[in-house]
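Me: I'm new to this one and would like a slow walk through it. Could you start with the terms and then go piece by piece?

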Amino acid sequence: MKTFLQTLLSQVPGIALGITGGVALTFATLESRVERMLDAKLEAHAQHLRVLVQSRPAPTSVVMQAPDSREELRLIREQLAVLAAREPVAASSAEPEEDPRPAPTPEQVEASRQGQQVLADAITRGRWTEADQQRFHQALRVGTHDEREAMEQRLSLAINSGQLRPVLGDEH
């Protein structure tokens, strides 16, 4: 039984004769005819584009005079002086800025400690059980956003480095 490819290859001479009008051609002759056809189409498209480009009006050029750089620097200095006079410099203020994040509550501190302990115990055992996961996530819910991200990163690093292997329900 012939494969599709064998059948197709056996038909190539007949297809080539059909394309060329019954004249047997070599591959080089066929290739040169295809090249000439493509060149003719390309030239027709190029000519069409030339006509389109020639029919558009030429863009007008805009030339701006560059201002004197010394004058520009003088104006910038004046503007900076006006701004400096209007706003006091933040570095010269004696008052320390407040931290935008509030201090963690005692509950958040304890939750963070518990989450770290759960993770440390699991790493010591080399296994991450469902119970560990439940206690860890309970601690994460109470903790601060920054602490939650830090503990999740430590957990990911422990698993990815092979220090910790997740254990499914029945597996011990």
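Reply: A salt bridge here is a side-chain nitrogen of Lys or Arg within 4 Å of a carboxyl oxygen of Asp or Glu. This is a predicted model, in which local features need pLDDT of at least 70 and side-chain atom pairs count only at pLDDT 80 or more, while totals for chains, interfaces and linings use all residues. Residues are numbered from 1 along each chain as its sequence is written, and side-chain values use heavy atoms, with hydrogens and water left out.

Me: How many salt bridges does a search of the whole structure find?
Reply: The search finds 5 salt bridges. One of them links Glu 110 with Arg 113, where the closest N and O atoms are 2.6 Å apart, and both residues lie in helix α4, 3 residues apart, which is about one turn of the helix. Helices (H or I, at least four residues) and strands (E, at least two) are DSSP runs, numbered from the N terminus.

Me: What about Asp 132, which residue does it form a salt bridge with?
Reply: Asp 132 forms a salt bridge with Arg 125, and the closest N and O atoms are 2.3 Å apart. Asp 132 counts as buried because its relative accessibility is 2%, whereas Arg 125, at 38%, counts as partly exposed. Buried means under 20% relative accessible area, exposed means over 50%, and partly exposed is in between (1.4 Å probe, protein chains only). Salt bridges that share partners also join Arg 125, Asp 132 and Arg 135 into one network.

Me: Okay, changing topic: how many helices and strands are there, and in what pattern?
Reply: The protein has 6 helices and 2 strands, and along the sequence they follow the pattern α-α-α-α-β-α-α-β. Of its 172 residues, 12% count as buried.

Me: Which residues make up the largest nonpolar core?
Reply: This core has 10 residues in all, namely Val 118, Leu 119, Ala 122, Trp 128, Phe 136, Leu 140, Met 151, Leu 155, Ala 158 and Leu 164. The elements that give it two or more residues are α4 (106–125), α5 (130–142) and α6 (145–160). A nonpolar core is a set of buried Ala, Val, Leu, Ile, Met, Phe, Trp, Tyr and Cys residues joined through side-chain atoms within 4.5 Å.

Me: And what does Met 151 touch?
Reply: Leaving out residues up to four places away in sequence, Met 151 touches Ser 112, Gly 115, Gln 116, Leu 119, Phe 136 and Leu 140, where contact means heavy atoms within 4.5 Å.

Me: Last one: where is Leu 83, and how exposed is it?
Reply: Leu 83 is in helix α3 (residues 69–86), and Leu 83 is partly exposed, with a relative accessible area of 41%.
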